[in-house]
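Hi,

Here is the structure I promised to pass on. Have a look at it first, and my notes on what turned up are just below.

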Amino acid sequence: MSRVALITGITGQDGSYLSELLLDKGYTVHGLKRRSSSFNTERIDRIDVHPRNPDARLFLHYSDLSDAGSLVALLRDIQPDEIYNLGAQSHVRVSFDIPSYTADVTGMGALRLLEAARLAGVDSRFYQASSSEMFGSTPPPQREESPFHPRSPYACAKVFAYWAAVNYRESYGMHCSNGILFNHESPRRGENFVTRKISRAVARIEAGIQDTLYLGNQDAVRDWGYAPEYMEAVWLTLQQDAPGDYVVATSEGHTVREFVEAAFAHVGLDSDKYVVTDPAYFRPAEVDALIGDYSKARRELGWAPKTHFTDLVRVMVDADRQLLEDERMGRLVRVDR
Ligand code: NDP
Ligand code: GDR
């Protein structure tokens, strides 16, 4: 019998990579998708989910982390072995504009899903996508024991969700684990996160169809890893006999400015000629430096990052150059690079 997983946030960057990883391992994968007025499954469209396909092992269901009843019904019907809660309003800057919504989906959504699992009586392992943003102003290196000091509504919501997962573990003996993931990027990263915004702009500037890249704070330090490798750590977390909480990171810090310079240099351009600071992208409170210590993940999960900063920049810029080329040639673009 193949194992069964439920992924919330399956249409996002991480959900798309995780679903591919689980399908490769023989799982049957169920994903929660939101009702939207436009198509929102672009990242997973390469996987055949048509109900007429007798071999399909990926199934999508309309639901929402704000809708408790639908979550209970889904869990009762699917009876998953593993639940991966990746769904969230995940943009930190936007969370200052829609704080209540962010708290409801990113924070309360996790609690609703935990409670739905309990009420549905499923015997599932539970993964909560926690974030390095929870450390906020706590200086690096941040590890599992480092204090949380969230600096945005998003981070506050993630702290709530983190403790909800711990609480269900302690209260009901559920196998609930948190992955405290530091920033991880890929060609599938949303275009309004800084790395993808930069890689896309570099490709467009090189092609002569964009003049300027407007950015906010370029002094922030982040620990950027490669998303597909982080999904390996996510899966490994739920394969442990005992639940636990794990920092997943590369332990390398770079400023946004360094990312910008490396990306422009990769195509032989000087970033100083194209980048303009726009205070509109500043945040009411910034997180200055996040650099994770992933020793526990290395020790207990046997996980370590393989792709480091320079390669990550190169992979992202080259993917956006190719994407642009495909668009210009009118080729059918599959988002599977
Ligand atoms: P994305 O923003 O790419 O994806 C978020 C997913 O959540 C999308 O599938 C989105 O659906 C879904 N979603 C949004 N609102 C709801 C809702 N109300 N109900 C159900 N689903 C919803 O994020 P990532 O893939 O980058 O991140 C995955 C998770 O990991 C998130 O929880 C994020 O906060 C967390 N995380 C991410 C890190 C990173 O560096 N990427 C680092 C640490 C934590 P739709 O496609 O319809 O918008
Ligand atoms: P972050 O990622 O806030 O770390 O959250 P983001 O890429 O949005 O910002 C990283 C840093 O870059 C600075 N920055 C800009 N950011 C954006 N988006 N746009 C800009 O124009 C810009 N200019 C400078 C930011 O101020 C910040 O310091 C991501 C998300 O995936 C979260 O869901 C996740 O939890 C954390 O990573 C870990």
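A backbone N or O atom of A88 sits 3.1 Å from an oxygen atom of ligand 1. Bear in mind that this is a predicted model. Another backbone contact comes from H184, with a polar backbone atom 2.9 Å from an oxygen of ligand 1. R189 uses its side chain instead: one of its polar atoms is 3.2 Å from a nitrogen atom of the ligand. On its own, ligand 1 would expose 890 Å², and the protein buries 90% of that.

Who makes up the surroundings? Ligand 1 has 27 residues around it, with T11, D14, D64, S90 and Y154 the closest. Helix 1 (13-24), helix 4 (99-120), strand 5 (125-131) and helix 5 (153-172) are the elements that each give two or more residues to that shell. Strand 5 contributes the most, with 3 residues. By type, the shell splits into 11 nonpolar, 11 polar and 5 charged residues.

Now for ligand 2. It is surrounded by 22 residues, and the closest are S90, S131, Y154, R283 and E286. V194 brings in its backbone, with a polar atom 2.8 Å from a ligand 2 oxygen. Taken alone, ligand 2 exposes 700 Å², of which the protein buries 95%. Its shell comprises 8 nonpolar, 8 polar and 6 charged residues.

Cheers

How values were computed:
Residues are numbered from 1 along each chain as its sequence is written. Chains are lettered from A and ligands numbered from 1 in the order in which they are written. This is a predicted model: local features need pLDDT of at least 70, side-chain atom pairs count only at pLDDT 80 or more; totals for chains, interfaces and linings use all residues. Side-chain values use heavy atoms; hydrogens and water are left out. A residue is near a molecule or strand if one of its heavy atoms lies within 4 Å of it. A polar contact is a pair of N or O atoms within 3.5 Å; within protein, one must be able to donate a hydrogen and the other to accept it, and residues adjacent in sequence count only if both atoms are side-chain atoms. Accessible areas come from the Shrake-Rupley method with a 1.4 Å probe; for residues, only the protein chains shown count as cover. Helices (H or I, at least four residues) and strands (E, at least two) are DSSP runs, numbered from the N terminus. Ala, Val, Leu, Ile, Met, Phe, Trp, Tyr, Cys and Pro count as nonpolar, Asp, Glu, Lys and Arg as charged, and the others, Gly among them, as polar.
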